[in-house]
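Please report on the chain contact and the helix packing in the structure below.

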Amino acid sequence: MSARRIVLTSGKGGVGKTTTTANLGAALAKRGHKVVLVDADIGLRNLDLVLGVEKRIVFDLVEVVEGRCQLRQALIKDKRLESLSILPAAQTRDKTAITELQMADVVTQLGELCDFVLIDCPAGIEHGFRNAIAGAAEAIVVTTPEVSAIRDADRVIGKLRERGLPLRLIVNRLRPELVRSGDMLSVDDVTDILSAELLGIVPDDEEVIDTTNRGEPIVLQPEARLSGIYDKIARRLEGEVVPFTQFAVPGFLGRLFRKAG
Amino acid sequence: MFEFVQRFFGKQPSSAMAKERLRLVLLSDHLSLAPEVVESLKRDLLEVISRYVEVDPSSCDVSFEQQDKQVAMLANIPIVAMRNRPTPPAAPPTTPAPPPPEPPPSLDPAGASAAVADEPEPEAVPDAPAAAAPGAAAPKRKRRRKRASGAPGFSAI
Amino acid sequence: MREAVPEVQPAADAAPKKRGRAIVVTSGKGGVGKTTTTANLGAALAATGATVVLVDADVGLRNLDIVLGLEARVRHHVLDVLEGNATLDDALVTDKRVSTLRLLAAAQTREKDDVDTSAFRDLIDSLRERFDYVLIDCPAGIEKGFANAIVGADEAIIVCTPEVSAVRDADRVVGLLGEGRQIKLIVNRLRPALVRRGKMLSVQDVNAILRLPLLGVIADAPDVIVSTNKGEPVALDQTSSIGAAYRAIAGRVTGTDTSEPEIPREKSFFEKLFGSRS
């Protein structure tokens, strides 16, 4: 059984790669898939914190590569979703601690154990980025509708295309009211500029900060708005054609109906 | 289920949770990022412990584990032998019998002084031998640092 | 005349010249506002009359030019200068609004590995001879880009948002910066309403962990997105309270403002209703 191996990347930091990796992974696990999340941000790990497993780390990616433990020993099973596991990054090394080949090897091995491997890529386009994409067969580019983020996403898309990696886009932290006032680019603007296929649109939601504080992905709260959104993205990843939700901004019609979902 | 209940009742503000989680995770990060400090700690620890028991430094391991509400240091230190053959606990040093009261100055000067002269000196010398501690081998003043090596472990008590 | 990177005079030989200050703006975590802070702090400092140069050290992912609205004016970048293909004067772009503000852009189509660390340090040193302030916009992360950006700066400003990952990464960077530099903190994107509701770390929470002198606190507001879109630093907007916060930070950097940083307060009901310009 060979899994789909997907890297989540962006170029720009802080656009929501880690949050997206955690929540999309959880959404897929909720739908019954076996999912392994890999934190490729060696030295600045955060996927463990976002998922609330930071206290259970025993071994990490670098130790696996160096043969100081078995791969299975390093995997942390999520206590809430039984088909979700995470392979944490090392905190105390830097990204040159492993090579692209070693990373690809680990990801291939993981691919034998599950249905989806999601790799959380560090910011930037340096060594860490190259490692993170080394094991992947496809990519999700996460961007926000802001000038600098789009510019960086564009650079990253260029690099991914050089490698022949198929990619799709998630537009994160959309604020429909700012799109309305013309202060934020619309999703259409973003997909036009980047010429990339859209996988999902995630509106800005202040609850995310709260859930990160707790280490509980928002997808674990079925009543939360973003739960449904990540579920749709998971379904699109499975291959289903799911229409994007319309978010109406209260008080206006027409121009305000921006695609979101 | 318990978590569900917890969510309804003791729901702590998440900022407080975040602060506490950060404190622990950073402590853990700092410890793993300061190997020289950990090495010094390990050396000093072994040195202190070695005063009491003999250890094999090469199989000693010191690590840090993040537990639920704290970061704990775990030390695994195989003990090879006690440092000193333990002696049965020494009976507390008995004070020599108090000198008999001075005979009243006296009716019988010759006899009394003769009697007094025979008594041992009333100032007790702490190491005063045999009379004080029945059964013990003469206690030495200085503790030996290390016995001659031989079979590990205790000699039979 | 081709101005190759000038030789650095050993301090002992040179006549004591007043050197500018070199400050690196860093964070660890990406997306917390380093570039925005560099641009706005630089603009605010320049507006006081100081000569300021902003150096974009994010090779391959440059954004300082866009945030300042100067992207169309960039002809040469740092690597061109370091490799001797352009003079410093060719590469320095003067700001549209404040004449004492200059930008030295990063290369967009190169890699951070292409930058020679000691040459970069020499460049910063030579910039200090010409400018009162050299602000270096550091890339995210702690890889080579970071290592290059901090070299040559003896002061650092850490930008941190009140979120767990940002604080954790900031802590790591403080450790990496080591003992030799003066380090100060700016807390960015505070949301006072969320803090009150216990859903966001407070400034005090953040600084209880980082324990750095606080330069200032900036509230989260759409002003900044708007100003980035337009390429007009909000620090130059006299009607904006975010701008005022940056100007106060500049005052603390120069030493003219000795007040304690103000913690932004929650908007009142009326302000929310009638949407006061934040």
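How many salt bridges are there between chain C and chain B? The count is zero, where a salt bridge is a side-chain nitrogen of Lys or Arg within 4 Å of a carboxyl oxygen of Asp or Glu.

This is a predicted model: local features need pLDDT of at least 70, side-chain atom pairs count only at pLDDT 80 or more, and totals for chains, interfaces and linings use all residues. Residues are numbered from 1 along each chain as its sequence is written, chains are lettered from A and ligands numbered from 1 in the order written, and side-chain values use heavy atoms, without hydrogens and water.

**Chain C and chain B**

| Item | Value |
|---|---|
| Residues in contact (heavy atoms within 4.5 Å), chain C | 12 residues |
| Residues in contact, chain B | 11 residues |

About 1000 Å² is buried between chain C and chain B, 65% of it on carbon and sulfur atoms. Buried area is the accessible area (1.4 Å probe) lost by two parts on being put together, summed over both. On the side of chain C that touches chain B, α7 (164-177) and α9 (203-210) each supply at least two residues. The largest share, five residues, comes from α7(C). This side divides into six nonpolar, one polar and five charged residues.

**Helix packing in chain A**

The axes of α5 (residues 100-111) and α6 (residues 127-134) of chain A come within 7 Å and cross at roughly 35°. Axes are lines fitted to C-alpha atoms over the stretch in contact, with angles from 0 to 180 degrees between N-to-C directions. Helices are DSSP runs (H or I, at least four residues), numbered from the N terminus. A:E100, A:M103 and A:A104 of α5(A) meet A:R130, A:N131, A:A132 and A:A134 of α6(A). By class, this contact has four nonpolar, one polar and two charged residues. Ala and Met are among those counted as nonpolar, Glu and Arg among the charged.
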